Amino acid sequence: MHRLLACVALLVVATTLSAQQSWDPLSVDVTRALVKDLFQSNAVPYVQPMVTTINATSNAGFYNTAYIPKKDSFYVKVSVRGMLGFIRDDQKTYNPTIDFGQPTDNLLTAVTQYGTVDLTNRTFVINPRYEDTLGLTTLLVREVFIEARKQGKFPLPTTAPTLFGYAPDTRVYLPPNDTLLAVLRTRPDYQTLVALVPNLDSNITALLSQFALPPYLTLPPGADMSTLIAAVPQIELGSFLGTEILIRAIPPVEFDANVGDFSFWGLGLKHSISQYFPERWFDLAVQGVYQGTSLTNTVGFTGSKLEANARIFSGNIHASKRFGDYLDVYSGFSYERIDVVSTYTYVLPQEVQIALGLLPTPPPGQPAVPTPEQPGDNRPQKSEVNVGDTNLKWTVGATAIVGPVRIFVDYSVSQFNIFSGGVEVGF
């Protein structure tokens with residue numbers, strides 16, 4: 001889970017620009033808007049395979065027998081459970097996109113938010129405030145990009161790596177300004193507007209010439225993962241009216257600089273159904289478990305902040321059969337649901353800030369140090385990414401019993417197949 005959400009933080013894209021001696025506010029702000037659009041358009045498909053695997057992994061190892069004593073008694077079972085899953089090739093790529101929203105229904109009305117249209121004198125004047133210049137430029141860039149996508153002049157890569165995959169330097173090329181202007185001029189509503197206000201085209205041409213978009217944005221290369229490994233301690237307390245309590249927990253711990261502070265907890269109830277059978281040929285139980293995780297992290301030279309929380313629910317029915325005194329065989333079916341809400345507060349990547357002139361060029365491998373002339377991106381953006389997944393899973397396994405010690409292993413078949421096993425000691 002921690003690896004997922006830490007890597008979700010790396011989704012803010014890097015751009016490659018020509019080095020500049022000074023920074024232009026309009027270029028910076030338009031680039032900032034494009035970076036956010038690309039981030040939010042691809043965040044879900046980038047992390048979705050990992051969310052699927054986490055759902056399966058976090059809900060593994062809940063049981064190794066369905067037996068619960070019918071008579072009320074007190075006992076404690078302490079175990080450590082490990083999980084191992086193998087990542088499929090189809091979980092390593094996705095089809096990238098970028099969403100600029102819906103095109104405006106009335107370009108004249110949209111343009112007049114940022115300037116004055118005089119139909120009598122057939123003139124257009126942009127309002128003097130910078131906010132209006134930025135607003136009009138951002139509006140036009142988005143409108144033109146929507147049209148350029150329709151005309152095939154803004155192609156995207158056919159595939160890109162998910163968090164599991166790996167493909168460095170996957171580029172999203174942006175049309176140059178002259179192409180943007182040519183595309184804008186093909187729009188019928190723009191042609192109608194220019195016919196009403198002839199100087200509008202020259203004003204917009206001058207406006208677009210004031211800033212330089214980066215030649216391309218790059219999508220994150222992925223983490224190049226083939227397996228997913230996890231482990232969790234677990235305690236089970238029983239029994240009252242044929243019911244056990246399950247507790248899982250990991251306190252907030254900083255695993256390493258790339259993971260940050262991660263915590264995990266889970267609570268569950270398991271109830272025996274076979275206690276109601278007239279004759280007990282096998283054991284049958286139902287179980288519900290609710291789990292949560294939390295992650296906070298600071299990522300990269302620019303100090304981007306990630307706060308992420310996941311809630312996971314699993315309901316299952318499972319059966320087991322004892323053979324002699326040394327072996328239990330068990331199997332079960334589960335329904336699982338995970339919801340991840342992550343809030344990412346970020347500035348432009350360091351490479352972008354250096355290229356735009358927001359930061360000076362540092363020595364290789366070192367963070368850039370802001371100066372009064374090049375203060376860096378001091379206007380963080382915030383994006384919320386919501387990702388969910390449901391899963392149906394079938395599990396089959398066996399437990400070897402040696403006194404109070406149980407050694408178990410099982411295999412679960414679902415969207416993400418996984419091995420689980422561990423050691424349990426009962427008191």
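Tutor: V78, I235, I245, I247, W265, L267, L269, Y290, F313, Y335, L392 and F427 form a nonpolar patch on the surface, and together they have about 1100 Å² of accessible area. A patch consists of residues with over 30% relative accessible area and no salt bridge; like charges are joined within 9 Å, and nonpolar side chains (Val, Leu, Ile, Met, Phe, Trp, Tyr) within 5 Å. The areas come from the Shrake-Rupley method with a 1.4 Å probe, and for residues only the protein chains shown count as cover. A salt bridge is a side-chain nitrogen of Lys or Arg within 4 Å of a carboxyl oxygen of Asp or Glu.

The model is predicted: local features need pLDDT of at least 70, side-chain atom pairs count only at pLDDT 80 or more, and totals for chains, interfaces and linings use all residues. Residues are numbered from 1 along each chain as its sequence is written, and side-chain values use heavy atoms, with hydrogens and water left out.

The strands come next. β10 (243-254) and β11 (261-272) each supply at least two residues of the patch, and the largest share, three residues, comes from β11. Helices (H or I, at least four residues) and strands (E, at least two) are DSSP runs, numbered from the N terminus. One member of the patch, I235, is placed in strand β9 (residues 227-238). I235 counts as partly exposed because its relative accessibility is 35%; buried means under 20% relative accessible area, exposed over 50%, and partly exposed in between (1.4 Å probe, protein chains only).

The connection from β9 to β10 deserves attention. The peptide bond from G238 to S239 is cis, with omega near -20°, and S239 lies in the loop between β9 and β10. L241 belongs to the loop between β9 and β10 as well. Phi of L241 is near 55°, a positive value in a residue other than glycine, and L241 counts as exposed because its relative accessibility is 51%. R122 also has a positive phi, of about 55°, although it is not a glycine. R122 is placed in the loop between β4 (115-118) and β5 (123-126).

Leaving out residues up to four places away in sequence, S414 touches A56, N391, L392 and K393, where contact means heavy atoms within 4.5 Å. S414 sits in the loop between β16 (405-413) and β17 (418-426). With 17% relative accessibility, S414 counts as buried. Its side chain reaches the backbone oxygen of F416 at 3.0 Å. That is a polar contact, a pair of N or O atoms within 3.5 Å; within protein, one must be able to donate a hydrogen and the other to accept it, and residues adjacent in sequence count only if both atoms are side-chain atoms.

Charged pairs can be set beside the patch. By the rule already stated, the count comes to 19 salt bridges. K77, R81, E236, E244, R322, D328, R406 and E424 are linked in a network of salt bridges. Elsewhere, R32 forms a salt bridge with D29, with the closest N and O atoms 2.4 Å apart. Both residues lie in helix α2 (residues 25-58), three residues apart, about one turn of the helix. R32 counts as buried because its relative accessibility is 8%, and D29 is buried with a relative accessible area of 9%. The side chains of D201 and R185 also meet in a salt bridge (2.8 Å, N to O). This pair links distant parts of the chain, with D201 in helix α7 (residues 199-208) and R185 in helix α5 (residues 177-185), 16 residues apart.

In soluble globular proteins, nonpolar side chains tend to be buried together. Here the largest nonpolar core has 73 residues, and those with the most contacts inside it are F145 and F154. A nonpolar core is a set of buried Ala, Val, Leu, Ile, Met, Phe, Trp, Tyr and Cys residues joined through side-chain atoms within 4.5 Å. α2 gives the most to this core, with 12 residues. Leaving aside neighbours within four places in sequence, F145 is in contact with L34, F100, F154, L174, P175, L180 and L213. F39 is placed in helix α2 and is buried, with a relative accessible area of 0%. The C-alpha atoms of F39 and V385 are separated by 9.7 Å, while the two residues are 346 residues apart along the chain.
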